[in-house]
Amino acid sequence: MNDAHLRLLKPPRLLLGGAVLFWGAFTDHALTALAMALLIEGRHWLDWRWRFGATGYNRAWVLSLLGIAGLLTMLWLNAGGIVGLLGFIEWLPVLFLPLILAQQYGEEEAIPATVFSAVARHRVKKAERLGKPVDIPMVHLGLPYFAFTILASGYNTFGQRERLFYFAGLLILVACACYFVTRQNARRPLFFTLAFIFVSLFSAAISTGLVATYTWISKGGIYNTRSQNQSLLRTTNIGKIKEIKQSRRLYWRMWSPRSQPHLVMTGSYNLYFKTRWESRDSEGFEGFDIFDALSVSNEPKNEGEFALDATLFDLNETASSALRFRGAIKDNRKEIPLSEYVGLISDAQEVDDIEISRLGTAAAVNADSVIDYRVWDTLQTPIRAESPRQSISRQGELSSYSQPPELRIPDDDEQIAFAQLSRRLGLHTMSDRDKIRAVYDYFRDFRYTKNLTIRAQAPSTPLLKFTTEVKAGHCEYFASATALLLRAAGIPTRYATGFSAREKASGGEFLLRGTHGHAWCLAYINGQPEVVQSTFTNDTGETKTIDRIVWTGGEWIEVDTTPASWSQIDSPDPTWQEKWADWWQRLREDFQIWRSSESNRGWVNLVLLIIGGLLLAFIAFRLAGTRLRKTHPHTPQSLYGHDQEPSPFVSLMPRLESLLGPRPPGIALRTWLKAPEFTEEQQPILHETLALHESYRFNQDRHVTEQLTQLVERLKQTLPPK
């Protein structure tokens, strides 16, 4: 790469520094960006230069690779999944800082391309040992670093306003770059303008794609297992032709000092629509705002505690036992398992809020990647105790349905079919507990299978085919059919999801895997409908008193009609690969919890600070002994080694130019010298001379000086006079 070619690829002054400041403004790393910008642009005012050579540039590249590996390791230990690993993009300008600084302050103004390939470096060394000619291309990192910086700047611009500021700032940055480049290179303004516009728009397009990818992954698009409103909506596999495949990955680890809990609930839903279940608030049917935030203590001694009632913040000081859960959080909001009689959640240090719906679903809000918490029981009222009731709309009026959501069967065919089945089983003449036993008996002969073959085809529905014809399906079929059959018999029901706790590991912990995921029915038994006056304030602020139907006097019980054989089918003994994966996942989660502890966080930061300080001190010590000063502070350095110790080959250039003519711009030296003007006697001498010159220039090998000087003199004797 000659000087003319290099000038075409070099960004103008202050562009890289401006891009770094642009990155700092959009990533909240302003002070870091300022320090980086001063380092990068300081080359224009400082006379310091270093003779890095191929070895020095290789070390700069290795330092960047180590930074990437270290950051990815930390992100991986944080258990953030694919979304977490994408976070390294934000730090691209920092990760590639060693390389760009090596270029900025190196004796050469470009970096050998062999730096990025161990195979290429090996071939160059092998060719040099054999005395073969080597043509090493040079790479200027200005535009690539600019592109990486713009890419990193746009990674976190999620809001529409942020995107607007991002593109406006990008246009200003590119306009300034094109203006200064045009002033410095008046001969090629179009080339520079198009080059910088292309790099900027390409980087912006990639960053936009990354934002979309981040959003898609975080909402479950890549796994197709989560819904945007998972706390409120559960889409089932009812009516799908497929084989259910559940992950063996650990979702939660649970410690229970009491007897083993059979089912651990994470979600509860009351409104059914053929293939999905929804959570609807009976105190405002038209809205989805059914969650209430728990009380948060402001006292230091109660930090990380959330209570249903502020008077319960000292419950853990008197209670004798508590459930404990630990698991990874991949979303900004995720359902968490709780006990039925929870009163206090403690030690939840990395959670901003915990909300609980009136149906008993709890969600962690703005949680860290791994959370650990304890659940203390009040032993009084269960959190899912809200009884079924007729819904009130946002306008303070009764909804158009006369029944609570827990009794509705929206599809007419299913309503008629389940009513007929209920009468055939004689459920209407039984007590509620006898109805439950009769439903268990009805589903006793059904078969559990993960291979779903029931197709949605009118007039029948998949759930009706399962209940009356196929009699084989997944737990979602059993739970949904049980809920609708009991509704037809007059018992309010809900659809519950969670885990079956049946795998116990060492240390008394229960492992809740994806294959332990389960669905079952919640039934409200021994309750009676009553007309109750309810006072409600509508959206306009008007207070109304309405008579509505509310079920009282009953209790919620779990009804799980799925055959017990499902546990053997879905939960075989873990293989050695799964045991290894479990060990790694538990190690990562335990490390994250340990690192996030206030008592340990200071030690972690101190160790990292010491390691970083020692590394910087070592680099400064190595650079201090090799610092040079520019020979011409205001003139760009030549790529041919025109410095304090020029290569002896330079003295041969006038003779060669008189023989071959001026060297065209952009033509490599070795390519230029492949000319018929050289005789067979001169060719071997020329090749050997070039090999030694490249070793002198790129590897800073001064041991070849004497041999190179002799070859140059020998070659001069064979060339015609100037």
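**Note on the predicted model**

1. Lysine 716 and glutamate 713 sit three residues apart in helix α23 (residues 705-718), so about one helical turn separates them. Helices here are DSSP runs of H or I with at least four residues, strands are runs of E with at least two, and both are numbered from the N terminus. The two side chains meet in a salt bridge (3.8 Å, N to O). That term means a side-chain nitrogen of Lys or Arg within 4 Å of a carboxyl oxygen of Asp or Glu. Glutamate 713 is partly exposed, at 39% relative accessibility. Buried means under 20% relative accessible area, exposed over 50%, and partly exposed in between (1.4 Å probe, protein chains only).

2. A word on the basis. This is a predicted model, in which local features need pLDDT of at least 70 and side-chain atom pairs count only at pLDDT 80 or more, while totals for chains, interfaces and linings use all residues. Residues are numbered from 1 along each chain as its sequence is written, and side-chain values use heavy atoms, leaving out hydrogens and water.

3. How many salt bridges are there by this rule? The count comes to 20. Glutamate 509 and arginine 586 form one of them, at 2.2 Å, N to O. Glutamate 509 lies in strand β23 (residues 509-513) and arginine 586 in helix α18, so the pair ties together parts 77 residues apart in sequence. Glutamate 509 is buried, with a relative accessible area of 3%.

4. Aspartate 582 pairs with arginine 513 in a salt bridge, with the closest N and O atoms 2.5 Å apart. Aspartate 582 is in helix α18 and arginine 513 in strand β23, so this pair links parts 69 residues apart in sequence. Aspartate 582 is buried at 6%. Arginine 513 is buried too, at 0%.

5. Helix α18 (residues 576-596) also holds tryptophan 576. Is tryptophan 576 buried or exposed? Tryptophan 576 is exposed, with a relative accessible area of 64%.

6. Aspartate 28 has a positive phi of about 60 degrees, though it is not a glycine. Its place is the loop between α2 (15-27) and α3 (30-41). Aspartate 28 is exposed, at 71%. Lysine 274, also not a glycine, has a positive phi near 60 degrees. Lysine 274 is in the loop between β8 (271-273) and β9 (276-278), and is partly exposed at 44%.

7. Arginine 129 is in helix α8 (residues 118-130). Arginine 129 and alanine 691 are 562 residues apart in sequence, yet 9.6 Å apart in space, C-alpha to C-alpha.
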